[in-house]
Amino acid sequence: MYEFSLTHSVNDAVQKLCRDAGWSRVRRIMLKVGGLRQINPELMAFIFAAVSKGTPSEGAIFSVMMLPVTVRCTSCKRTGVRDDTEFLCPYCGSRNVELVSGNEFGIDLEVESNLFSRE
């Protein structure tokens, strides 16, 4: 199950960031995932609730923003979005396309910190 290992890796990375930065709690986690990764956001949210138990990210709002697969055609010079994973120009049908986006994987966090400043 791809989503299980990916979600576990996300949680591990977030916990390491918490330790390294001194964050006490993670309030929100938003994954930005390209459409080529073909993940199930609902399944990942379900898995996250389980793997985050007992960690600073337990109870965090977990969401996934799916980013479109975008290609640039070298034949007609247009850029367009694909709803599928076929590498064809959505305008002229050419196979001469370059991937612009769709393979991303990023994490945005909203956190609370244990750190304080003395003045």
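## Close-up views of a predicted model

**View A. The aromatic pair.** A search of the whole structure turns up one aromatic pair. Phenylalanine 48 and phenylalanine 62 form this pair, with ring centres 4.6 Å apart and planes at 15°. The angle is under the 30 degrees that counts as stacked, so the pair is stacked. The model shown here and in the other views is predicted. Phenylalanine 48 and phenylalanine 62 are both buried.

**View B. An arginine over a tyrosine ring.** Arginine 78 and tyrosine 91 are the subject here. The charged end of arginine 78 sits over the ring of tyrosine 91. Its distance from the ring centre is 3.7 Å.

View C. Three strands make up an open sheet, ordered 4-3-5, with antiparallel pairing. Strand 4 (79–82) and strand 5 (97–101) are the edge strands. Each of these two pairs on one side only. On average, neighbouring strands of this sheet are turned by 35° against each other, direction ignored.

**View D. Strand 3 against strand 4.** Strand 3 covers residues 69–73. Strand 3 pairs with strand 4 in the antiparallel sense, over four bridges. Valine 71 has glycine 80, in strand 4, as its bridge partner.

**View E. Glutamine 15 in helix 1.** Helix 1 spans residues 2–21 and contains glutamine 15. The relative accessible area of glutamine 15 is 9%. Buried means under 20%, so glutamine 15 is buried. Which residues does glutamine 15 contact, leaving aside its neighbours within four places in sequence? They are Thr55, Pro56 and Ser57.

**View F. Threonine 85 in a loop.** Threonine 85 lies in the loop between strand 4 and strand 5. Its relative accessible area is 38%, so threonine 85 is partly exposed. With neighbours within four places in sequence left aside, threonine 85 is in contact with Leu36 and Gln38. Threonine 85 and glycine 102 are 17 residues apart along the chain. Their C-alpha atoms are separated by 9.3 Å.

Terms used:
Residues numbered from 1 in each chain as written. Predicted model: local features only at pLDDT ≥ 70, side-chain atom pairs only at ≥ 80, totals over all residues. Heavy atoms only, no water. Pairing = 2+ DSSP bridges. Axes fitted to C-alpha atoms, helices over the stretch in contact; angles between N-to-C directions. Buried < 20%, exposed > 50% of the residue type's maximum accessible area, 1.4 Å probe, protein only. Contact = heavy atoms within 4.5 Å. Phe/Tyr/Trp six-rings, centres within 6.5 Å; stacked < 30°, edge-to-face > 60°. Lys NZ or Arg CZ within 6 Å of the ring centre and 35° of its normal.
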